[in-house]
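Dear colleague,

I am handing over the structure we spoke about, with the sequence alongside. My notes on what was found follow below it.

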Amino acid sequence: MRNLGLLVAGVVLLAGGLAGLGGLGLGLLGPGPLSVEAARGEWIFQTGTDPDTGEPIPYSGGMPMVMGCAGCHGPDGRGLRTPMFISPDITYRNLTDPGGMVEPDGSRGPRYTDELIRRAITVGVDAEGRPLAWPMPRWRLTDRQWQELLAYLKSLP
Ligand code: HEC
């Protein structure tokens, strides 16, 4: 009986460990595991590279350093304050808030749609067509990379 108890405890520990590992890569910040698409988007968000090739996603302008979105918008996408720049909360929830996105200073900005988010990332203008502040690079995303990134932005709490 004693051995059986140990065995059960071992299996429970193992299962817990595996679940923990799964949670590390997938859905670290979200409530549940991410879809494959969103998990690939998380990779792009964190590293700024393509999930298949590992090649940096080409960009122009912005601060001259290679990093993912997380480097500037924070690992959770909620924005950062640094001596160099202040970056906004780019979770899908915030960007598409019916009352307008909440800016870093607490005021309300424009409301984004999916296509306007894509335009901001690739062309560098906000939802009303005004140029974004210089640190934000313009990213040359493929359709697939864009869909994956969008799926991840939607998964952020
Ligand atoms: C080098 C720093 C940097 C990196 C890297 C970066 N951003 Fe930005 N981003 C900014 C800053 C700063 C702003 C604010 C621009 C402004 O307020 O005009 C911004 C603005 C934005 C906006 C518009 C929000 C608004 O205020 O209207 C979106 C959307 C966005 N970033 C998404 C992304 C995504 C997605 C990535 C990764 C593919 C990324 N950013 C990478 C610095 C960065």
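In this predicted model, helix α3 gives the most to the shell around the ligand, contributing 4 residues. That shell holds 23 residues, and those that come nearest to the ligand are M63, C69, C72, A133 and M136. The elements that give two or more residues to it are α3, which spans 69–73, and α5, which spans 114–123. Sorted by class, the residues around the ligand are 17 nonpolar, 5 polar and 1 charged.

Turning to the helix packing, the axes of α2 (residues 36–47) and α6 (residues 143–155) come within 7 Å of each other and cross at roughly 95°. Because angles of 65 to 115 degrees count as roughly perpendicular, α2 is roughly perpendicular to α6. By class, the contact of these two helices has 7 nonpolar, 4 polar and 4 charged residues. On the α2 side the residues that meet α6 are E37, A38, R40, G41, E42, I44 and F45, while α6 brings Q145, Q147, E148, L149, L150, A151, Y152 and S155 to the contact.

Finally, a word on D76, which sits in the loop between α3 and α4, the latter being residues 92–95. D76 is partly exposed, because 13 other C-beta atoms lie within 10 Å, whereas 12 or fewer would count as exposed and 20 or more as buried. Between D76 and D89 there are 8.8 Å in space, taken from C-alpha to C-alpha, and the two are 13 residues apart in sequence.

With best regards

Note on methods. Residues numbered from 1 in each chain as written. Predicted model: local features only at pLDDT ≥ 70, side-chain atom pairs only at ≥ 80, totals over all residues. Near = placed C-beta within 6 Å. Nonpolar A, V, L, I, M, F, W, Y, C, P; charged D, E, K, R; others polar. Axes fitted to C-alpha atoms, helices over the stretch in contact; angles between N-to-C directions. Parallel < 35°, antiparallel > 145°, perpendicular 65-115°, else oblique. Contact = placed C-beta atoms within 7 Å.
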